[in-house]
Protein chains: 2
Amino acid sequence: MLGTSKDRKLKERQSRDELILSVAKRLLVEQGMAGLSMQAIADQTDYSKGTIYQHYGCKEDIVAKLAISCGESLISMIDLALQHAKSVRHKVVLVSAAYFINGQAQPEIANLVSNLNTPEFQEKVSQTLLDEFKKNEDIIIKRILTLFSQGTGFDSNKVMDAAFGWWSMQWGVQDILAKGWNMQDLGFADPVQYFFRSLHIYLDGLGVPEDEACHDWAQLRIQAQQIFQTNCE
Amino acid sequence: MLGTSKDRKLKERQSRDELILSVAKRLLVEQGMAGLSMQAIADQTDYSKGTIYQHYGCKEDIVAKLAISCGESLISMIDLALQHAKSVRHKVVLVSAAYFINGQAQPEIANLVSNLNTPEFQEKVSQTLLDEFKKNEDIIIKRILTLFSQGTGFDSNKVMDAAFGWWSMQWGVQDILAKGWNMQDLGFADPVQYFFRSLHIYLDGLGVPEDEACHDWAQLRIQAQQIFQTNCE
DNA sequence: TCAGAAAATGACGGTGCGTCAAATTACTAA
DNA sequence: TTAGTAATTTGACGCACCGTCATTTTCTGA
C-alpha cells in the first residue's frame, strides 16, 4: 500500500513533467523563444510558477530538455539510416537526410540546438542536462567516424578529415535553414537541394564511390521517410 | 557662423557615437552579451540612458552596428585576398583565411553575427541596420559567385553549387568556433586545420586545379596576414 | 478526526528595457 | 546683458520577466 501511494505520486509527477514540456513546446512553436516564459508555462499548465520550478531550475533547462529529446529522435533516425543503406555514400546521404527530416518535423525545436552552444545559455543550464546534450553530439560524431572508417580504406587521418568536413557542412546548412536566412534573395531557391549537391561534390573529392541510389533529393526524401517512418507517425 | 555651430554639434554627436560603440564593444569583450546592458553603457559613458537611446533605439541596434562594421572589415580583407591571389584555389582559400583572421582579431564581435539571424533579434533591430547587415552578406556571396565563375569554366549551375558548398562549410566552422564547441573532446584538436583540409577536399571534388601555394595553413596564415596587414595594424 | 509532513502557491526583490515629463543647457534677438 | 525659446539631457517610472521562499493548502497515516 505504501508503494502504491509513492507510485501514484511518481506517475503524477511524470505526467506533469510531460505537460510542462508539451506546453513549453507549444509556446515555442507559437511565439518563439521570446514567448517562452516560466510565467506563461505556469499559466497554461494551471500550476504555479513555484511548481514549475520544482521540475526545472530555469527556463534554459526546459529548452535543453526539448533539444535533448529532439537529438535522441535524430540519433534513432541516424541509426535506421546506417542499418538500411549499403554503400558509404548512401549512408552519408541518408544521415544528412535524417537531419533535414527531423528538422522539418519539429523545426522550432531543432533550431534551438544552436542556442544551447552559446556561453550565455551554458552559464544557466544545469550541468547534468548540458552533459546529456553533449553526449548526444558525441554519439553522432562517433557514428560518422565509424561510418567513414568502414568500407572506405581511409586511414584514420582521412577519416577525421572526412567527418569534420561533413560535420561543418551539415551544421552550416542547418544553421542557414534554422535562421531562415533568406537564401532566395541571394539566388538559392532550395538550400536543401544545393546542400545535397555540395555534399556529393565533397564525397567526390574524398573519393567515396558513386551510388545512383541516392543522387536525387526528391527521391531520397521518400526513401528516407519510409525508413524513418517509425519515428514519424 | 551658423554652419560652424551645426558642424560642431555633428562632430560631438559622432564622437559620442564612437564612444558608445567602443564602450559597448568593451563590455561585450569583458562580460559577453549578458553584460551588455543599456544602463551599463550609460554608466560607463557618463551619459544617461535617455541619451544613449537617442543614438540607438535598442540594444540590438548597437549589436547590429558592431556586427556590420566587423563585416565591412571582412569584406575589405576579402577584396585584398581576391586581388592578391592568382589561382581560383588560392583565392578561395585566402577568402576563408580572411574569415578566420578577422574572427580572431575580434572574436566577440565576429561571434555576434550568428545572433543577428535569429528571429528574436530581427524583431527588435531596426530595419535600416538589418538591411545594411544583409547587404554585406550579399556582397560577400556575390564575390564568391564571381570568383567561381571566372577561370573555372563552370556553368552557372555549378558556380552556384560551388558557392553554396563553400558558404555552408565556412559558416559551419565559423559557428563551431564561435560557440567554443569543444572539438577537442570529440578528437579534433585544431578545427581550423581540419577545415582547410576539408575545403581542399571539396575543391578537389569540384575539379578546381591544385595550387601548392596554399596547402599549408601555418604558411598561409603568415601569407594572409601580410596581405591583410593594412587592416590589422 | 487530527497532527505533522509534503507540496503548491504567489507575493516579493531584483534586473533590465524603453518612455517621457521635467530639468538643464544652448541659442537668439532685443 | 538678459529674457525668452528651442534643443538636449536626465532619471524616475511602468512594464515584463526571473527565481525565491514564507505562507497556505493538501495529503497521509495513526
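Helices (H or I, at least four residues) and strands (E, at least two) are DSSP runs, numbered from the N terminus. The model is predicted: local features need pLDDT of at least 70, side-chain atom pairs count only at pLDDT 80 or more, and totals for chains, interfaces and linings use all residues. Residues are numbered from 1 along each chain as its sequence is written, while chains are lettered from A and ligands numbered from 1 in the order in which they are written.

DNA strand C is surrounded by 18 residues (C-beta atom, placed from the backbone, within 6 Å of the strand). The closest are Ser48(A), Gly50(A), Ser37(B), Gly50(B) and Cys58(B). Two or more residues each come from α3 (49-55) of chain A and from α1 (2-35), α2 (38-45) and α3 (49-55) of chain B. The largest share, four residues, belongs to α3(A). By class, this surface has five nonpolar residues (Ala, Val, Leu, Ile, Met, Phe, Trp, Tyr, Cys and Pro), five charged (Asp, Glu, Lys and Arg) and eight polar (the others, Gly among them).

DNA strand D is likewise surrounded by 18 residues. Here the closest are Ser37(A), Gly50(A), Cys58(A), Ser48(B) and Gly50(B). The most, four residues, come from α3(B). Five residues of this surface are nonpolar, eight polar and five charged.

The protein chains also meet. In contact (C-beta atoms, placed from the backbone, within 7 Å) are 36 residues of chain A and 34 residues of chain B. On the chain A side, α1, α8 (119-124), α9 (127-149), α10 (156-178) and α12 (191-206) each give two or more residues. The largest share, twelve residues, is from α10(A). This side has 18 nonpolar, eleven polar and seven charged residues.

Notes: Two residues are in contact if their C-beta atoms, placed from the backbone, lie within 7 Å.
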